[in-house]
Amino acid sequence: MSNPESSRFVRLRVEVVLEVDDEDALTKAALRRIADDSTMPADERAHAEGSVTEDTAEAVAYLVDPFDLVSEVPGIELAQASWSSERIGRDPDSPEWDFDDDDVDEDFDDEAANAANKVG
C-alpha cells in the first residue's frame, strides 16, 4: 500500500461466537431497540419486528453495532462498517474452533460474508 491516501484506512476483522442463553430476553431487547428508533419507517419496523421475533441471530444483529466498538477510540473515525449474524453449530472440542493466526483467510470476501447493515 504505497498510496498515502489508502494507508489512512485500516480494516479490522473481528469474529465473535456468542452463546444465547435467554432467547426471550434477547428478542425483547431487540424489539425495544426497534420501538425506540423513531426514524424507522413503519413498513421497515414491521419487517424488523418479524425478523427478530423469528430468528435470534437477527435480534443480535439489531443489538450489536460496530460503531460502539470503536466510538471511544481516539484518533479514528468509522468510515464504513458491515456486519451480519447467523446461527451456527459449535463443537468446542473441534480444532476448527481454535482461534489463532493460522486461521486468517486472506481471501475473505467482505461483501458475501457481511452483506447486512452498512454504515458510511
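1. V17 counts as partly exposed because its relative accessibility is 30% (buried means under 20% relative accessible area, exposed over 50%, and partly exposed in between, with a 1.4 Å probe and protein chains only). V17 lies in the segment before helix α1 (23–36).

2. The model is predicted: local features need pLDDT of at least 70 and side-chain atom pairs count only at pLDDT 80 or more, while totals for chains, interfaces and linings use all residues. Residues are numbered from 1 along each chain as its sequence is written, and side-chain values use heavy atoms, with hydrogens and water left out.

3. A59 belongs to helix α3 (residues 56–63); helices are DSSP runs of H or I, at least four residues, numbered from the N terminus. A59 counts as buried, because its relative accessibility is 0%.

4. Not counting residues up to four places away in sequence, A59 touches L26, T27, A30 and V52 (contact means heavy atoms within 4.5 Å). A30 is 29 residues from A59 along the chain, and their C-alpha atoms are separated by 5.3 Å.

5. The axes of helix α2 (residues 42–54) and α3 come within 5 Å and cross at roughly 125°. Axes are lines fitted to C-alpha atoms, for helices over the stretch in contact, and angles run from 0 to 180 degrees between N-to-C directions.

Notes: Helix = DSSP H or I, 4+ residues; strand = E, 2+ residues; numbered from the N terminus.
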